[in-house]
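Subject: Two-chain model for you

Hello,

Here is the model for your files. Please open it alongside these notes.

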Amino acid sequence: MAEALLTLDAVREALPDNAALTTLRDLAVSAKFDRNELTITVAPGNIVAAARAVQAAGYNFFEDCTAVDWYPSEPRFQMTYHIVSTTLKQRVRLAVLLEGDDPAVDSITSVWPSSNFYEREVFDLFGIRFVGHPNLVRIMMPLDWKGHPLRKNYPVEGYR
Amino acid sequence: MSPVAAPEMVNPGINDVIEDAKRHAKDPAQDQTMVLNMGPQHPSTHGVLRLVLEIDGETVVSMAPDIGYLHTGIEKTAEAKFYQQVVPLTDRIDYLSPMCNNLCYCLAVEKLLGLEIPERAQTIRVLLNELTRIQSHLVWLGTHAMDIGALTVFLYCFREREELLRLFEAVAGQRMMTSYFRIGGLSMEPPAGWFARVQKFLNMMPSKIAEYEGLLSGNPIWYSRLKGVGYLSPEDAVRLGVTGPPLRASGVDWDLRRDMPYTGYEKYQFKVPISHDGDVWARYTIRLEEMYESIKIAQQALDRMPEGRITADAPKIILPDREEMKTQMESLIHHFKIVTEGFGVPAGEVFQTVESPRGVMGYYVVSDGTNKPLRVHMRNPSYATLQALETMCKGKLLGDVVAVIGSIDIVLGEIDR
């Protein structure tokens with residue numbers, strides 16, 4: 001297994017021709033190349049711009065978005081977007097770090113409508129709000145449910 | 001004037017559909033509409049999908065799916081289990097293709113661990129994945145035909161599926177929830193004579209698929225119920241995240257087995273069937289062709305089946321043989337440690353995708369270095385494809401909704417998780 005590259009400069013040096021790295025030259029905050037997977041972290045306010053940029057660079061297919069709860073450390077939540085290019089046959093992972101217990105981030109439904117259900121799922125299970133989402137309601141849990149089950153401080157057996 | 005849905009409604013919720021019906025009721029210039037509840041206990045919704053439809057006579061004006069009836073919190077449960085204990089949970093996500101789920105999860109954890117899987121285990125994995133694909137497509141064909149009204153095909157499909165389930169039972173001890181793949185390889189060697197049984201099945205199967213085609217393809221009712229129904233353009237398919245046979249039926253040439261190969265698929269020769277029609281008929285023909293291709297891949301796997309181990313060389317991760325465990329001190333210690341406290345996985349995050357019978361299935365596994373995963377997330381194909389249902393059905397007949405649901409091969413277990 002090759003050694004993981006953990007800094008932006010090292011990743012840029014190792015992958016000089018990568019389309020996503022080139023197009024996100026100004027937006028990338030940090031980058032990681034580990035186990036043949038490229039992760040680019042951008043600032044929370046820039047996610048829509050970053051999504052548009054990678055889409056223009058040929059990463060046309062939105063596959064997945066989800067969150068990771070790093071409780072109790074801060075920044076607590078990590079939003080992860082997986083985007084694949086059907087022409088380059090490459091995948092890029094965009095990440096956004098969010099602070100606090102009531103985080104919000106811009107919705108990327110304007111770039112890929114397919115992120116609609118995925119963002120609703122994250123809202124339902126993690127309680128991250130998506131600004132500009134057309135229909136942000138719970139999708140898995142009942143509409144009157146209290147709490148967000150996939151948060152680390154939510155007990156596995158539930159509260160009852 | 002016939003009513004149209006409000007233009008800003010994209011993937012609406014159930015309340016939006018009800019509001020839209022009220023808006024039409026207030027507008028004297030437009031016909032009144034009716035809100036119809038379909039499911040969750042409806043035989044043609046393949047489980048517990050609930051649809052709320054606004055209809056004008058027989059025409060669908062707007063619609064919204066309501067899901068979550070099968071939500072069992074598998075992602076949350078996985079965080080409380082050791083890595084090896086998550087494998088049986090993955091069977092229960094997409095219960096029609098358990099082997100694809102097992103494979104995807106095992107590949108993700110193996111990537112985190114940096115394990116090399118022996119050639120023989122990889123080949124058996126490919127063989128079983130293709131048999132799973134045939135099995136899943138048989139269930140799809142049988143139930144889809146039954147939704148449309150061709151009841152006979154169901155019995156024919158389940159006859160062959162039964163043979164496949166017997167093969168799975170022989171190899172794993174379980175018919176549906178197999179859990180046969182383990183992190184680092186397979187749980188056990190296939191029994192004696194099993195490969196000969198698979199060969200017999202592969203010899204018999206092409207004529208059976210021809211039999212289904214004979215029952216359906218020339219049937220004028222079947223043709224008129226499917227042809228031109230549920231059109232999805234390639235742009236919409238990509239925009240809405242559709243994968244698998246519906247994506248290829250819309251003319252987008254994307255199959256992970258060929259384009260991002262995993263577990264040795266690059267060594268096999270096969271064709272990726274593709275169509276540009278984008279309708280239910282195209283999805284039907286593509287799945288039938290896929291079954292023929294799966295037989296070809298399975299045959300190649302059988303022919304090249306190498307000898308050797310079926311597990312990687314990692315005694316701290318893979319349970320030792322029963323015999324070794326009872327005679328060697330070190331194996332006993334490893335066995336005790338794996339069973340009681342699992343094994344640590346190096347910190348990191350991976351996203352592994354496989355081509356399941358329904359499309360792109362992905363497992364996102366995050367490790368913080370302990371013996372339990374910090375996060376396991378499943379990207380399931382039906383979940384994304386469900387978003388395209390509204391685009392395919394809007395403005396079309398209510399009866400076609402049933403045909404379209406059948407054509408996207410929905411499995412509610414993997415949608416709700």
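This is a predicted model: local features need pLDDT of at least 70, side-chain atom pairs count only at pLDDT 80 or more; totals for chains, interfaces and linings use all residues.

Residues are numbered from 1 along each chain as its sequence is written, while chains are lettered from A and ligands numbered from 1 in the order in which they are written.

Chain A

Chain A has four helices and seven strands. Both are DSSP runs numbered from the N terminus: helices are H or I with at least four residues, strands are E with at least two. Along the sequence the pattern is α-α-β-β-α-β-β-β-β-α-β. The radius of gyration of chain A (taken over C-alpha atoms) is 16 Å, close to the 15 Å that the globule rule gives for 160 residues, so chain A is as compact as a globular protein of that length. That rule is 2.2 Å times the number of residues to the power 0.38. The C-alpha trace of chain A spans about 55 × 30 × 25 Å along its principal axes.

Where the chains meet

In chain A, 30 residues are in contact with 36 residues of chain B. Contact means that C-beta atoms, placed from the backbone, lie within 7 Å. On the chain A side, β3 (61–69), β4 (77–85) and α4 (115–126) each supply at least two residues. β3(A) gives the most, with six.

Chain B: the sheet

Three strands of chain B form an open sheet in the order β1-β2-β3, with antiparallel pairing. Strands pair if DSSP finds at least two bridges between them. β1 (34–38) and β3 (59–66) of chain B stand at the edges with a single partner strand each, so one side of each is left without a neighbour in the sheet. Strand β2(B) (residues 50–56) and β3(B) pair over seven bridges. V52(B) stands opposite A64(B) in β3(B).

Chain B: a helix pair

α5(B) (residues 119–148) and α6(B) (residues 151–172) pack at about 160°, with axes 8 Å apart. Axes are lines fitted to C-alpha atoms, for helices over the stretch in contact; angles run from 0 to 180 degrees between N-to-C directions. That makes α5(B) roughly antiparallel to α6(B), a label for angles over 145 degrees. Residues of α5(B) in this contact include L131(B), I134(B) and L138(B). Those of α6(B) include F154(B), F158(B) and L164(B).

Best wishes

Methods
Angles under 35 degrees count as roughly parallel, over 145 as roughly antiparallel, 65 to 115 as roughly perpendicular and the rest as oblique. Two residues are in contact if their C-beta atoms, placed from the backbone, lie within 7 Å.
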